[in-house]
Structure formats: structure tokens, C-alpha cells
Amino acid sequence: MIVRLTILFILLLPVPLQAKSLPSDWLLVGEAHLKVLWFDIYKAKLFTPDGRFSSVKGPLILQLNYLRDIERNALLNETKKELKRFIKEDTAETWVKQLASIFVDIKKGDKLSFWIDRQTRGHFSMQGRWIGSIDSSEFSTNFVRIWLSKNGRYPKLAKQLTGDK
């Protein structure tokens, strides 16, 4: 049992993959604006190679343009809360620990992007610069479900992003 947990932990560690550049020629699928009460949070855009959304498995790029400052810990806590809609709490806890080594404080105007490549690895960039990767297709697909699932907290946002009229 301990060996299995150790192997699982090692597999889920953030992998220092070669720094990746976001594809610049992908097409816009949809965009949405998240506002909670009277607070503007971010504007989101979804890109794919052909401009059509087919699956949370990608390949895709989710881009969040923040409209307010958000502290790193608040971002991590909110991410964990949203991930728990789709996965077990202990898995969410493990992934948030990995994200803690990638995420930074967000400032108004920051652009955070998440790219799922053709191998379903997840890559983060801030202002177009690579800041970290997590080599887990399970992580990648569940992370984007926060924004792209109709069963998420903001189904209207998901519909707008995925082009589902």
C-alpha cells in the first residue's frame, strides 16, 4: 500500500517539462465574462486548433484575463473547492499542493493560460511565459472542467466558452 501511494505521489508531482510556448495560431471557440455580484473577476477565452470544442481532453487553451487582484492562497482555495465538484477531496488536496508551486498572486490585468497539449499534459503560462506543467491527463481534464463543464458552478459560462448556443 505504501509503495502504491509513493508511486502515485511521484507520478503526480509537477514535472519540470521543457518550457512550452503556447500555440499562437489556434482559433477562438468562445469567450465569457465572470462577474460575481458586482465584482468583475475575469474574462475567459477558449481556443482549439480548429476553433471547435470537442472534449475537455483537449487539445485546448483556456485563457483567463483577470480583472481584479487575487491572492495566491485565495486562488488555491477556490480551485480546490471547484475541483471537489468533480473529484475526491484527497485528490483535490494533492493537486492543489502541486498548484501551490506554480500559482502566484494575481494582479489586475494578468493573463493566466492553461494549455492541454496533444498528449493531455497541462501547461500553465502567465503573461505568455511558461510557469509550470503537471504531467497528468486526469488533472488536466478535471482542471478545465471547472470552466467547461455544464455541471460546474457556472454553466452559462461553460456554454459561452464551448460555443454551445
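In this predicted model, the lining of the largest cavity is made up of six nonpolar residues and one polar residue, with no charged residue among them. The residues concerned are Leu 62, Leu 64, Leu 112, Ser 113, Phe 114, Phe 143 and Trp 147. Two or more of these lining residues come from each of strand S3, strand S4 (111–116) and helix H4, and S4 contributes the largest share, with three residues.

The largest pocket has a volume of about 520 Å³. It is lined by 23 residues, of which Leu 34, Ile 41, Tyr 42, Ile 70 and Glu 78 are the closest to its centre. By class, 17 residues of this lining are nonpolar, one is polar and five are charged. At least two lining residues are supplied by each of strand S1 (27–36), strand S2 (39–48), strand S3 (60–66), helix H2 and helix H4 (137–148), and the greatest contribution to the lining of the largest pocket is that of H2, which gives five residues.

Helix H2 also takes part in a helix packing. A pair of packed helices is described by the angle between their axes and the distance between the axes. For H2 (residues 72–83) and H3 (residues 89–100), the angle is about 150 degrees and the axes are 9 Å apart. Since angles over 145 degrees count as roughly antiparallel, H2 and H3 are therefore roughly antiparallel to each other. Their crossing is right-handed. On the side of H2, the contact involves Arg 72, Leu 76, Thr 79, Lys 80 and Leu 83, which meet Glu 89, Ala 92, Glu 93, Trp 95, Val 96, Leu 99 and Ala 100 of H3. Sorted by class, the residues of this contact comprise seven nonpolar, one polar and four charged.

Two features of the backbone remain to be described. Most residues other than glycine have a negative phi, and most peptide bonds are trans. Leu 37, although not a glycine, has a positive phi of about 55 degrees, and this residue is located in the loop between S1 and S2. The peptide bond that joins Gly 58 and Pro 59 is cis, with an omega of about 0 degrees, and Pro 59 is placed in the loop between S2 and S3.

Key:
Residues are numbered from 1 along each chain as its sequence is written. This is a predicted model: local features need pLDDT of at least 70, side-chain atom pairs count only at pLDDT 80 or more; totals for chains, interfaces and linings use all residues. Side-chain values use heavy atoms; hydrogens and water are left out. Axes are lines fitted to C-alpha atoms, for helices over the stretch in contact, and angles run from 0 to 180 degrees between N-to-C directions. Helices (H or I, at least four residues) and strands (E, at least two) are DSSP runs, numbered from the N terminus. Angles under 35 degrees count as roughly parallel, over 145 as roughly antiparallel, 65 to 115 as roughly perpendicular and the rest as oblique. A crossing is left-handed if the near helix is turned anticlockwise from the far one by less than a right angle, and right-handed if clockwise. Contact means heavy atoms within 4.5 Å. Ala, Val, Leu, Ile, Met, Phe, Trp, Tyr, Cys and Pro count as nonpolar, Asp, Glu, Lys and Arg as charged, and the others, Gly among them, as polar. On a 1 Å grid over the protein atoms alone, a cavity is a set of points where a 1.4 Å probe fits but cannot get out, and a pocket is an open set with protein on both sides within 12 Å along at least five of seven lines; lining residues have an atom within 4 Å of a point. Grid points are joined across faces, edges and corners, and a volume is the space filled by probe spheres set on the points.
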